[in-house]
Amino acid sequence: MGDGPPSIWEWIGRNWDTGRADSIRNLLTDHLTMSLVPIVIALLLALPLGLACVRWRWLYQPTSGFMNVVYALPSLPVFMLLISVTGLSQTTVIIPLTFYGMAVLIPAVVDGLGSVPDHVRQSAVAMGFTPLRRLLAVELPIAAPVVLAGMRVVAVSSISLVSVGALIGQGGLGGLFTRAYQNPFMPPVIVGIVLIVLLAVVADGLLVLAQRLLTPWVRARKGQAA
Amino acid sequence: MNWLISFLDWLREFFGDPENWTGSDGIPMRLLEHLEFSALALVLAVLIAVPLGLLVGHTGRGELLVVVSANLARALPTLGLLVMFVLLLGASSIWPVIIPLVLLSVPPILVNTYEGVKGVDPELRDAAYGMGLRGEQVLWRVLVPVALPLILLGCRLSAIQVVATTTVAAYTGLGGLGRYVIDGFATKDYASVVGGSVLIVLFALVVQVLFALVQRVTVSPGVSRRLKVR
């Protein structure tokens with residue numbers, strides 16, 4: 001060890017790739033896995049569930065009620081309760097985050113599909129679109145902006161929530177916070193917070209980009225209006 | 001189904017132990033602490049966020065600040081913020097922990113208050129001015145009642161956040177129900193972990209129900225459409 005406390009950059013250099021499980025690089029990889037997997041699964045589950053809620057209206061009330069309850073559950077006790085089922089694994093963090101994601105995405109899918117104007121739907125029917133093709137080619141693209149807005153919320157909050165998992169030893173970059181607390185030292189905290197916020201900003205930016213690419217007509221219309 | 005049996009055993013062990021019901025680390029005391037810290041943080045957040053949100057929504061100044069704060073609060077890791085404040089300010093009092101709790105619960109209330117006031121039908125606002133109400137009267141007698149559902153939604157989201165963060169804050173030494181979970185985990189006392197977790201989950205659900213009731217009582221029937229106007 002050198003004399004005096006190392007600077008943040010020195011600390012990063014020394015801990016970036018130590019070959020151990022808690023090197024910053026490995027924590028970053030874990031963090032990405034535990035935040036991205038729930039986002040993807042939540043979307044894959046929310047789409048059919050949202051569709052079902054639109055198709056069978058009576059399903060929506062109980063589903064959204066249940067999801068409201070899920071959303072209100074604090075993450076730490078849920079992780080703790082899951083330990084007895086799934087152990088001290090990444091799955092224990094991934095499952096609750098998936099549910100939180102669904103709590104945001106199911107209403108987004110329902111609202112998105114609800115925003116499809118009736119005349120558009122009827123035109124598609126009149127043009128001879130089969131229900132499946134109508135869904136894929138007309139309804140989902142129109143719903144995309146609302147769903148993607150939900151995805152942005154889910155992505156950013158999942159990325160920051162993963163760090164709570166550090167309290168059960170599975171927190172990705174959150175591990176830097178527990179390390180810094182046990183051995184009072186500021187650089188890991190700063191590095192952890194900055195990296196997590198950066199990840200969130202990048203994920204958010206990518207989703208904004210996806211929205212632009214998936215819904216070119218939104219910008220075209222704005223251009224016309226101006 | 002093995003886990004279910006041990007789960008029930010842990011619950012019985014935790015709630016059946018008379019020692020867990022008395023003293024400074026008994027359930028009633030911890031519950032009260034959790035309520036105290038959460039309520040303190042939430043009240044401070046409301047005192048900061050509601051006036052600020054009303055001001056920004058009413059005047060239209062500082063909108064960018066509101067939106068940025070909301071996104072930032074969502075991205076900031078609570079555990080990191082807690083550890084940072086405790087390392088910076090020391091753990092001599094509860095404030096190094098309460099400050100981040102308040103910081104994280106301001107944005108949801110701020111954004112929703114702002115959105116609520118901003119979303120008021122301009123015709124309604126004009127009608128109020130047309131009836132001779134002054135700016136301040138329009139704010140309190142028209143904008144606030146109409147925006148109330150969103151303001152309360154913001155408070156509810158913040159309450160969810162505060163209850164959860166107060167739990168995490170036990171890691172940095174705060175009292176409350178999180179203590180059972182954190183201490184139990186550290187000493188491999190799973191009865192305490194499971195019992196504490198169940199208590200926190202119940203606590204969070206009760207808070208939800210309370211907010212739903214408050215909304216029922218305080219939102220004007222005309223605004224919530226419970227009263228059919230013909």
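The model is predicted, with local features requiring pLDDT of at least 70 and side-chain atom pairs counting only at pLDDT 80 or more, while totals for chains, interfaces and linings use all residues; side-chain values use heavy atoms, with hydrogens and water left out. Residues are numbered from 1 along each chain as its sequence is written, and chains are lettered from A and ligands numbered from 1 in the order in which they are written.

**The interface**

Begin by colouring chain A and chain B separately and selecting the residues in contact (heavy atoms within 4.5 Å), to which chain A contributes 37 residues and chain B 39 residues. The area buried between chain A and chain B, that is, the accessible area (1.4 Å probe) that two parts lose on being put together, summed over both, is about 3,100 Å², and carbon and sulfur atoms give 84% of that area. On the side of chain A that touches chain B, at least two residues each come from α3 (60-72), α4 (75-86), α7, α8 (174-182) and α9 (186-214); helices here are DSSP runs (H or I, at least four residues), numbered from the N terminus.

**The nonpolar core**

Next, select Leu76(A), Leu173(A), Ile193(A) and Leu79(B), which touch the most other members of the largest nonpolar core, a set of 127 residues. Such a core is made of buried Ala, Val, Leu, Ile, Met, Phe, Trp, Tyr and Cys residues joined through side-chain atoms within 4.5 Å, where buried means under 20% relative accessible area, exposed over 50%, and partly exposed in between (1.4 Å probe, protein chains only). Helix α7 (residues 135-169) of chain B gives the most to this core, with 15 residues.

Centre the view on Leu79(B): apart from its neighbours within four places in sequence, Leu79(B) contacts residues of chain A that include Ser163(A), Leu167(A) and Phe177(A), and in chain B it contacts Val168(B) and Tyr171(B).

**Single residues within the chains**

In chain A, move to Ser158(A) in helix α7 (residues 131-161), where a relative accessibility of 4% makes this serine count as buried. Beyond residues up to four places away in sequence, Ser158(A) touches Ser35(A), Ile39(A) and Leu97(A).

In chain B, Val111(B) lies in helix α5 (residues 95-118) and is buried, with a relative accessible area of 18%. Val111(B) touches Val66(B) and Ala70(B), not counting residues up to four places away in sequence, and a distance drawn from its C-alpha atom to that of Val50(B), 61 residues apart along the chain, reads 9.3 Å.

Lys188(B) has a positive phi of about 55 degrees although it is not a glycine, and at 61% relative accessibility Lys188(B) counts as exposed.

**Salt bridges**

Over all chains, the whole structure holds 11 salt bridges. In chain A, show Arg121(A) with Glu139(A), whose closest N and O atoms are 2.7 Å apart; this pair links distant parts of the chain, with Arg121(A) in helix α6 (residues 118-126) and Glu139(A) in helix α7, 18 residues apart. Arg121(A) is partly exposed at 23% relative accessible area, whereas Glu139(A) is buried at 8%.

Finish in helix α1 (residues 2-16) of chain B, where Asp9(B) and Arg12(B) lie three residues apart, about one turn of the helix. Asp9(B) forms a salt bridge with Arg12(B), with the closest N and O atoms 3.3 Å apart; Asp9(B) is partly exposed, with a relative accessible area of 37%, and Arg12(B) counts as exposed at 58% relative accessibility.

Note on methods:
A salt bridge is a side-chain nitrogen of Lys or Arg within 4 Å of a carboxyl oxygen of Asp or Glu.
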